[in-house]
Amino acid sequence: MVRTGLLAALFLLAACSAGKAPAGPDDGVILAAAPAEKLSDYGLFVDMASASPATGVMAYDLINPLFSDHAAKHRFVYVPGGEPATYHEDDVFSFPVGTVLVKTFAFAPDMRASEEGQWRVETRLLIHKADGWAAYPYVWNDDQTEAVYTPAGKRLDIETISPQGEALSLRYAVPNQNQCKTCHQAGKAIEPIGPKARHLAHDGQLTRWAEAGILSGLADEVTGDPFAFDPSAPLDLRARAWLDVNCAHCHKADGSASNSGLWLASTEESATRIGVLKHPVAAGRGSGGLKQVIVPGDPDASILLLRMASTEPGIAMPELGRSVNDPEALALIREWIAAMEAE
């Protein structure tokens, strides 16, 4: 709640900033055939040093963010005037051409207090061009005043302390453009991952989108997925919500891992497609000699947990976006599988 209020305040501050007349988003740069060299060229931020959003650029967050080596994330959406996005119950909203989804990744010396001493490492733009979505990664300079287009990706050394109090030396990976496409694949196109009703519907966020004129067709009552680490919510819903955000963008019918036959959206109703008693399509090293993706009542016999726990390339899942595992998620999925009734 506090974070949501802060995000809203930042948006209002940008919208009402007295004494400044920010140029705002540059639709010509946004829709140009080639990406801009510098992040500032888009006009999405009124001040690059503080990364405050320009007028018309709205902060938002997800109920359950994808795990990325404990990085903090700051999300913004820009929808050009005149045509709002269209609401869908289960799928990604339909955004008009010219929309920009902005996601900045940041670290702090101690991620137990992630707002203190935070520095930005990369910003990813997902832009809806006339011929489809395009993904562009930008890496921030040491002065935190600019980010530069980096299509080949980059490795960054990060020293921090995890939210669990563990000292971490990360070899953080900024993805290259092909890796962006891997996670965002939807058939032959790419599409956003996060902006779905079940990921956004909390703390009145979708109502604010509608009131701001960037979303149309909002249903009267929309229920989002529960926060995955809220013990007051049902365990099954929490585990499925975590798998949805972290895995379902690849593990779906038109995703990059469709050939696995493992579909992990929280809306999936088939136990077999979720992985229960499902044999892997290939018995390679990724299976670790185990026989089934999920063995009810037996987490240690389940390939799903084995791959989540691994940090070894070729075994670790998700394949991209992390070099360490997520202790909270491992505990959650372990509890979920252990609670399943064995047949």
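So, what percentage of the 343 residues in the protein is buried? Buried residues make up 49%, where buried means under 20% relative accessible area with a 1.4 Å probe, counting protein chains only.

Before I go on: this is a predicted model, with local features needing pLDDT of at least 70 and side-chain atom pairs counting only at pLDDT 80 or more, while totals for chains, interfaces and linings use all residues. Residues are numbered from 1 along each chain as its sequence is written, and side-chain values use heavy atoms, leaving out hydrogens and water.

Okay, the overall picture. We've got 9 helices and 14 strands; these are DSSP runs, H or I of at least four residues for helices and E of at least two for strands, numbered from the N terminus. The radius of gyration is 20 Å, close to the 20 Å from the globule rule for 343 residues, so the protein is as compact as a globular protein of that length. That radius is taken over C-alpha atoms, and the rule is 2.2 Å times the number of residues to the power 0.38. The C-alpha trace spans about 65 × 45 × 40 Å along its principal axes.

Now let's zoom in on strand β3, residues 57-60. In a regular strand, side chains alternate between the two faces of the sheet. Here both faces are covered: V57 and A59 are buried on one side, M58 and Y60 on the other. β3 runs antiparallel to β4, residues 72-78, with 4 bridges joining them; pairing takes at least two DSSP bridges. If you're looking for Y60, you'll find R75 of β4 opposite.

Methods: Buried < 20%, exposed > 50% of the residue type's maximum accessible area, 1.4 Å probe, protein only.
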